[in-house]
Amino acid sequence: MRHTAPKAGRPPRRALRTGLAALLLLSLTGCSGGIGSWFDGAPLTPEEAIRIVPEDRARDVKAGSPLEVTVPEGRLERVKVLRVEDSERQEVRGRISADGTSWQPDAGDASARLVLAAKYTVHAVAVDEDGKRQARTTSFTTFVPEERFIGYFKPENRSTVGTGMIVSFSFNRPIRDRAAVERAIRVTSQPAVPVVGHWFGKERLDFRPRTYWKPGTRVTTDIRLRDVQAAPGVYGIQNKTVGFTVGRHQTSLVDADEHTMTVTRDGEVLSEVPISAGDAKNPTYNGKMVVTEMQDVTRMNGRTVGFGGEYDIADVPHAIRLTSSGTFLHGNYWARGVFGSSNTSHGCIGLRDVKGGSQSTPAGWFFDRTLIGDVVEVVNSTDRNVAPDNGLGGWNMGWDQWTAGSALR
């Protein structure tokens, strides 16, 4: 996993690269995965500070299982639970208790009961007695019958995305008849352009056009997987049509050598922002990376990516995920005098921010102008190009190479 969380007052560092595995779980981050706390007394472990049931990365959770968020100290500020990557993005409604120590779904809401073959993400923010915010994001998937398979997909239905968005399917079982599955998924657009699938292994299928989508394009994905046989005795259960709209065209060019990020929208430069990229030992990936997730505050904890207590920052502001292995572009309030002058992070791209985040800082300014699906391209770093399957990195492949990965070509 690419480790990007900070240590000793420095911006985040890379972890080992895992590529596909982290993409399947929205909460699996090199920068934010667990949450610790410095409430009264000894520091709590990430799992103790904000306790979420079902546990993070749980699979095959039974329908009707309990869903709960609790804090042993302090109070919950907000909790948001989404059933994601289904035909609709549906929020699971619930309420925080009067004393602020727990959240539970509304008993009378039909969406509160966990359903089969679904993926859920939980984002919780807690506040201690001194007003310090702590954040934790987890995800889990519910049980899919043994003889069935399902594809979890991006982007969300009815969303507005950037021009670099790639339609991505992650399947819960290995696909042996990839041609049959690919044939059952059709991605079309208005205005019409050729859209081709590319397989990354046996469990992931991405679709993209030759070049970035044009602003205003409407993209439709017809999924006709019900009763399609993906492997002997394993059949699909999905029949649905989803779609998204492409917004304005914005790309951001990060020059690691110059310590700048140039933000361009619809052909005009909006701003040149000072940044700090990965240092000499832990450089930032080169290449094109697509924004896949945004959190106004998140936790970056080394324990979640195998680095022990090397770092633990509870309230990293304006966190924008660029790779599944943990590369983020995020606000940084703990470093001083490095933005625009030196690369001091461990792989992430840092923008100046203040504790708690502010819309008036470079990080807040960029966060407010970013969409899921926007492209951030890094040049002049000493690292290799980001892998095409690390996040939505398919734009780093030429068209011939991309189309060669289709099971229908």
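These notebook entries record what I looked up in one protein structure.

**Entry 1: overall picture.** I noted first that the model is predicted. I then looked up the secondary structure and found five helices and 29 strands. Of the 409 residues in the protein, 58% are buried. The accessible surface comes to about 16,400 Å², and carbon and sulfur atoms hold 47% of that area. I also looked up contacts with a separation of 6 or more: 67% of them join residues 24 or more positions apart.

**Entry 2: a sheet of three strands.** I recalled that strands of a sheet pair through backbone hydrogen bonds, either parallel or antiparallel. Which order do the strands of the open three-stranded sheet follow? I recorded the order β10-β19-β18, with mixed pairing. The edge strands are β10 (148-149) and β18 (229-231), each of which pairs on one side only. Strand β10 runs parallel to β19 (residues 234-236), and two bridges connect them. I followed Arg148 across to β19 and found Tyr235 as its bridge partner.

**Entry 3: a sheet of four strands.** I next examined an open sheet with the order β11-β13-β16-β15, in which the pairing is antiparallel. Strands β11 (151-154) and β15 (195-199) each have a single partner strand, so one side of each lacks a neighbour in the sheet. From one strand to the next, the twist averages 20°. I counted four bridges between the antiparallel strands β13 (residues 167-171) and β16 (residues 204-209). Val167 has Phe207 in β16 as its bridge partner.

**Entry 4: aromatic rings.** How many aromatic pairs are there? I recorded ten. Are Phe149 and Phe171 buried or exposed? I found both to be buried. Ring pairs link Phe149 and Phe171 with Phe153, Phe169, Trp199 and Phe207 in a cluster.

**Entry 5: the surroundings of Trp402.** I looked up the pair of Phe200 and Trp402, which is edge-to-face, with 6.1 Å from centre to centre and 65° between the planes. Phe200 lies in the loop between β15 and β16, while Trp402 is in helix α5 (residues 399-404), so the pair ties together parts that are 202 residues apart in sequence. Both Phe200 and Trp402 are buried. Finally, I noted that Arg208 lies over the face of Trp402, 5.0 Å from the ring centre.

Notes:
Residues numbered from 1 in each chain as written. Predicted model: local features only at pLDDT ≥ 70, side-chain atom pairs only at ≥ 80, totals over all residues. Heavy atoms only, no water. Buried < 20%, exposed > 50% of the residue type's maximum accessible area, 1.4 Å probe, protein only. Contact = heavy atoms within 4.5 Å. Areas by Shrake-Rupley, 256 points an atom, 1.4 Å probe, with all protein chains shown as cover. Pairing = 2+ DSSP bridges. Axes fitted to C-alpha atoms, helices over the stretch in contact; angles between N-to-C directions. Phe/Tyr/Trp six-rings, centres within 6.5 Å; stacked < 30°, edge-to-face > 60°. Lys NZ or Arg CZ within 6 Å of the ring centre and 35° of its normal.
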